[in-house]
Structures are given as structure tokens and as C-alpha cells.
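Colleague: I am new to this structure and would like to go through it step by step. Please show it first.

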Amino acid sequence: MVSRTSWQAYLFIIPFAIFFAIFLGYPFFYALYLSFHKVTDIYDAFNALKFVHLHNYIKLMKDVEFWWSILMSLLYGAITIPLSIFVSLILANLLHRTFSLVKLYRTGFFLPYLLDVFVVAIVWKFLYAHPYGIITQLLQRIGINIPPLLASPKTAMLSVAIAMTLKGCGFGMLLYLAGLQNIPRSLYEAASIDGAPPWKQLFYITLPMLKPITLFMVVTGIIGALSAFAEFYGMTGGGPIIRVGSHILGCTKVAGLYLFRNLESLKLGYAAAISFVLLIIALIISAVSAKLLRVEW
Amino acid sequence: MVNKVKAFIIYFWLTVFLIVVLFPFIWMIITSLKPIGTGLTLTIIPRPPTLSNYKSVLTQYKFGRYFVNSLIVASIGALGATVLCTMAAFAFAKLEFPLKRPLFGMFLSVLMVPGLMFVVPQFAIVYRLGWINTYKAMIIPHLANVFGMFLLVQYMKTIPDELVDAARVDGANNWTIFLKLIVPLSGAMIATVFLLTFQFHWNNFLWQLIVATDEHMYTVPVGLAMFRSAHEELHTLKMAASAISILPITMIFIFAQRYFIEGILRGAIKG
């Protein structure tokens with residue numbers, strides 16, 4: 001046995017570690033630092049920082065627009081996550097067999113997942129356009145009149161969610177397909193001998209065996225929903241606007257969009273505080289989902 | 001007979017789903033081939049089909065330049081990240097050293113953090129370095145690709161230690177082992193990491209939107225965002241620009257499908 005211990009290991013790690021430290025490690029703490037400060041001169045934002053204790057966080061707790069944006073992000077997740085899981089499961093089950101065209105279909109379903117969210121959002125906005133977009137026009141021809149989907153408070157969020165589910169469902173399909181291939185056939189054979197009907201096999205074998213994948217979809221889905229930005233920037237810009245009490249709020253103004261607007265106007269301290277609260281919410285929800293789905297990490 | 005009917009039903013539904021999923025892209029291409037000003041018509045075959053939208057978008061609206069910018073950022077970004085990941089992964093997979101586990105854990109912890117978290121402080125850092133409107137700003141903050149390194153570590157661990165030991169007995173040093181043994185044996189996974197990083201940069205819209213404010217530095221999606229707000233009504237041009245933006249990833253995916261799929265499956269199932 002030759003010793004593999006070597007100080008030279010550090011030489012291989014150092015280049016990676018340097019860029020990690022400057023652009024991923026330090027920023028975490030710098031964001032914490034920024035969140036306790038306020039920009040006093042927006043023309044010299046990075047030198048005119050004033051320490052304001054917990055001011056940003058206190059303001060954040062009382063900021064209706066912020067909590068609304070979190071709520072909208074969670075609503076987005078609450079629609080897209082179950083919908084994606086459902087569509088992915090169906091696709092994976094349809095594709096889980098050995099016919100010659102499986103690969104071709106798999107390629108077609110998966111490709112949109114790799115494409116830029118913003119560009120896909122622009123294309124969907126064009127499809128949804130009112131009154132001349134193709135969806136509106138086609139439905140009109142068969143006698144269905146629909147409101148402007150992206151501009152109506154009731155349909156805006158759902159429309160974005162459907163578009164993004166169709167774009168992203170190839171990811172879940174791929175994971176579930178791999179999961180299905182890993183379930184031992186003997187389980188089904190045993191169940192068949194015992195006389196279990198197909199639906200029982202689905203609920204007592206297939207779904208429980210796929211649970212780790214479902215958990216993964218839920219957790220990454222939550223992180224994704226809280227980070228969502230480009231689809232809303234591209235399709236709705238945060239609108240349409242509704243009135244709730246004395247507040248004017250955007251029906252699709254999600255946390256990512258709210259953070260972007262604050263960053264754009266160089267409210268760095270406030271934007272940093274938003275980032276931290278988002279992080280905490282993401283961690284809590286992920287932990288709770290893991291508990292609920294009762295899967296070991 | 002029953003099996004044939006069943007197969008037909010499955011094909012039928014798969015085809016319906018596939019058309020729904022791909023419809024936006026089909027319609028995008030159809031629209032991009034229509035003469036300017038007719039983008040909202042429902043004709044399926046453009047009369048006559050024209051490439052003038054592409055020509056106009058690439059030259060008059062400078063998407064040619066944006067495309068080159070995207071290409072530079074994605075290629076150099078992917079190359080740099082892949083080199084750094086491969087080197088670090090070798091140390092974690094095949095060498096022993098003090099603080100190995102805590103270091104690895106620290107790197108991986110970043111994967112639990114929503115990407116949006118880093119945008120604000122990274123912007124502040126890049127701004128203070130005076131990097132706004134440079135390729136550096138788009139590339140360097142993303143050089144440490146933790147996910148890519150994780151994939152490579154997992155892969156390199158499957159290379160038998162005996163091979164490394166044998167090379168060492170023959171007098172090879174770490175650098176030789178890395179270059180002559182580990183890199184060639186990890187070729188497929190290195191390609192996967194390169195492609196996934198390329199795809200990441202090609203789609204890194206929010207970050208590029210923040211750090212590229214000068215027209216000459218726009219990437220394709222940033223250019224599209226600006227074009228969209230100036231010329232919302234030029235649908236045929238907008239769709240041509242979208243098609244140009246989607247083309248490279250589509251081509252790469254069609255030719256290198258197994259690398260993408262393997263990388264994503266390994267990342268999700270072991271991660």
C-alpha cells in the first residue's frame with residue numbers, strides 16, 4: 001500500500017478554493033453585513049453605507065409587499081410542484097416500456113428543460129397574447145371566449161405555472177423513469193400472485209418506491225419557486241395589479257421580482273435582508289417537507 | 001391484438017403530449033419565417049417563407065454581436081470551471097489530506113442555498129472591482145462550480161485505487177497521475193460537466209442582465225429583453241431572435257444527449 005496522503009492535494013484544490021472563497025463564501029457573509037446597513041447616497045452606493053442595526057429586518061417584517069411576494073412565490077410553487085410531479089409521473093409511466101421510439105420521445109420531452117427560462121417565457125407570452133395570440137384565436141374559433149390570460153388576476157399565475165410546467169416536466173420524467181427502472185420486477189410478480197389489482201400495485205409498490213424522487217422534486221421545486229424570476233420578468237412583469245385593502249399589489253409579483261426591483265434601485269441593504277429571509281424560509285420549508293414525506297436524508 | 005391496441009393508445013397519448021410540449025417552439029419557428037408584420041396570422045405555412053427576420057435581427061439589431069458575447073462567456077466560463085473542478089475533484093477523490101471532509105462539506109453546503117441569495121453580494125463585489133460591462137464579470141464569479149465538482153468526485157471514486165497505487169509504484173507523481181490516468185479515464189464526466197456549465201452560462205439571464213448595461217456587452221437573452229421592451233410589436237423579429245437563442249443548446253443536446261442525461265441523473269440521485 002502506497003501512502004496517498006500528500007500536501008500536494010492542496011495545490012489541486014487551491015484554484016477552485018480561491019474562486020469559491022471570493023465569490024461564494026465571502027458573499028454569504030458580505031450579504032449578512034450588507035443587511036445591517038443602508039445606502040445613504042445612491043450615486044456612491046458602495047462607499048456610503050451606514051450601520052442601521054436591525055432596521056432592515058424590522059422594516060421587512062412590516063413590509064406587506066414583501067410578504068405578499070413570498071406568498072406569491074409559494075403559490076407558484078404550490079401550483080407547479082404538484083402539477084409537475086403529476087405530469088412527470090404520467091410521462092414516465094407511458095415511456096417505461098421497450099418500444100423503438102422511446103428515446104425519440106424522451107429527447108423531445110426533455111429538451112425544453114435545458115432551454116433558457118426567459119426566452120421560453122417570451123415565446124409563451126406571444127402564444128398567450130390577447131386578443132390576437134394563437135391560443136385566444138383558436139379558442140375563439142371553437143366558440144370559447146377567454147379573458148386576457150396573463151392580464152387577469154384570476155388566471156395570470158396559473159398561466160405562467162402551466163407554461164413553466166410544460167417546459168420543465170422533462171426533468172421529473174427523466175428522474176421518475178430512472179426510478180421506475182430501479183424497482184425490482186419481483187415485487188410486482190409477488191403482488192400479482194397475491195391477487196393485487198394494478199391500482200393497488202401503483203399505490204403500494206410504485207409510488208412508495210418513487211418517494212425519494214418525489215421528495216427531491218418537492219425540495220428543488222421549493223428552492224426553485226423562491227428563486228423564480230425570469231418567467232415572471234418575461235411574461236407578466238409582476239402584474240396584473242389588484243387592490244387588497246389599502247395596498248396595491250401585483251398578482252404575480254414574486255419574491256425574485258421584488259428582490260430584483262430593490263437591487264435595481266440600489267437598496268443593497270434591504271435587498272440583502274430579503275435574501276436572508278428567503279434563505280431561511282427555503283431551509284425551513286425543505287426540512288418540513290422532508291419530515292412530512294418521512295424520507296431519511 | 002390487445003397489445004397492439006394498447007401500444008397504439010400509448011403512442012397516441014405520447015404524441016399528443018409531445019405536440020403540446022413542443023408547440024411553443026414549433027410556433028416560434030413558423031412565426032419567425034413569416035414576412036414582417038404578419039406575425040399574428042394563423043397560417044401554418046408562411047407565404048412565402050422568408051429568412052429576412054433572421055437577417056434583420058442578426059445585423060440591424062446586433063444579435064450577431066450578442067450571440068458572439070454569449071458564446072465567449074459560455075465557452076470560456078465552461079472551460080475554466082471544468083479545469084478547476086477536475087483538479088479539485090481529483091484531490092477529493094484520490095488523495096488524503098488534513099481537513100478533507102470539512103472542506104468538502106463546506107463546498108457542498110452551497111448547493112442547499114437558493115441561487116438568488118448570492119446575486120446581491122456578488123453584484124456588490126463585481127461593482128467594487130470595476131468589472132461591470134466586462135466578460136470577467138459574467139465568467140469569474142461562476143468559476144467555482146460546486147455541482148460539477150461533486151459530479152466529478154463521485155465519478156473519480158469509481159476508478160480503482162489499485163491503478164493509482166500501481167502508477168505511484170512506477171514512480172509517477174501526482175501531476176502525472178492526474179494528467180495521464182485520471183483525466184483520460186474521466187473523459188465522459190468531464191465532457192458532461194463542460195456541457196452543463198456551458199448550458200448554465202448560456203441561460204444565466206438574471207446575472208447577465210445585472211452586470212451588462214452596455215449594448216456591446218449584451219448576451220442573447222439580455223439583448224432579447226431590451227429588444228422586447230423597445231419593439232414589443234415586431235413579433236416575427238422577436239421569434240427569430242428567440243430561435244437564435246435556443247438553437248445552440250438544442251444542437252448540443254441532440255448530439256451530446258447522453259452526457260446531459262447522465263450528468264443530471266447522477267446529480268439528482270446521488271445528491
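What follows is a set of questions and answers on the two chains, their contact and a few residues.

Modeller: This is a predicted model, in which local features need pLDDT of at least 70, side-chain atom pairs count only at pLDDT 80 or more, and totals for chains, interfaces and linings use all residues. Residues are numbered from 1 along each chain as its sequence is written, while chains are lettered from A and ligands numbered from 1 in the order in which they are written.

Colleague: In chain B, which helix has the highest confidence?

Modeller: Confidence is given as pLDDT, the predictor's score for each residue from 0 to 100. Chain B averages 90, and 99% of its residues score at least 70. The lowest mean in chain B, 80, belongs to helix H14 (residues 257-270), and the highest, 95, to helix H3 (residues 63-94).

Colleague: How many helices and strands are there in chain B?

Modeller: Helices (H or I, at least four residues) and strands (E, at least two) are DSSP runs, numbered from the N terminus. By that count chain A has 13 helices and 4 strands. Chain B has 14 helices and 0 strands.

Colleague: Why is chain B described as more spread out than a compact globule?

Modeller: The radius of gyration is taken over C-alpha atoms, and the globule rule is 2.2 Å times the number of residues to the power 0.38. For the 271 residues of chain B that rule gives 18 Å; chain B is more spread out than a compact globule because its radius of gyration is well over that, at 23 Å.

Colleague: How many residues does each chain give to the contact?

Modeller: Two residues are in contact if their C-beta atoms, placed from the backbone, lie within 7 Å. The contact takes 65 residues from chain A and 75 residues from chain B.

Colleague: On the side of chain B that touches chain A, which helix supplies the largest share?

Modeller: That side of chain B divides into 58 nonpolar, 10 polar and 7 charged residues. Here Ala, Val, Leu, Ile, Met, Phe, Trp, Tyr, Cys and Pro count as nonpolar, Asp, Glu, Lys and Arg as charged, and the others, Gly among them, as polar. The largest share, 12 residues, comes from helix H1 (residues 2-32) of chain B.

Colleague: Which residues of chain A does Val120(B) contact?

Modeller: Val120(B) is listed with Phe16(A), Ala88(B), Ala89(B) and Leu152(B) as having the most contacts inside the largest nonpolar core, which has 167 residues. Such a core is a set of buried Ala, Val, Leu, Ile, Met, Phe, Trp, Tyr and Cys residues joined through C-beta atoms within 7 Å. Leaving aside neighbours within four places in sequence, Val120(B) contacts Ala31(A), Leu34(A), Leu263(A), Leu268(A), Ala271(A), Ala272(A) and Ser275(A).

Colleague: Is Ile213(A) buried or exposed?

Modeller: Ile213(A) lies in helix H10 (residues 211-227) of chain A. A residue is buried if 20 or more other C-beta atoms, placed from the backbone, lie within 10 Å of its own, exposed if 12 or fewer, and partly exposed in between. Ile213(A) has 24 other C-beta atoms within 10 Å, so it is buried.

Colleague: Which residue in the turn between S3(A) and S4(A) has a positive phi?

Modeller: Strands S3 (residues 241-244) and S4 (residues 247-250) of chain A run antiparallel, joined by 4 bridges; two strands pair if DSSP finds at least two bridges between them. Ile242(A) stands opposite Leu249(A) in S4(A). The two strands form a hairpin with 2 residues between them, and the turn residue with a positive phi, about 60°, is Gly245(A).
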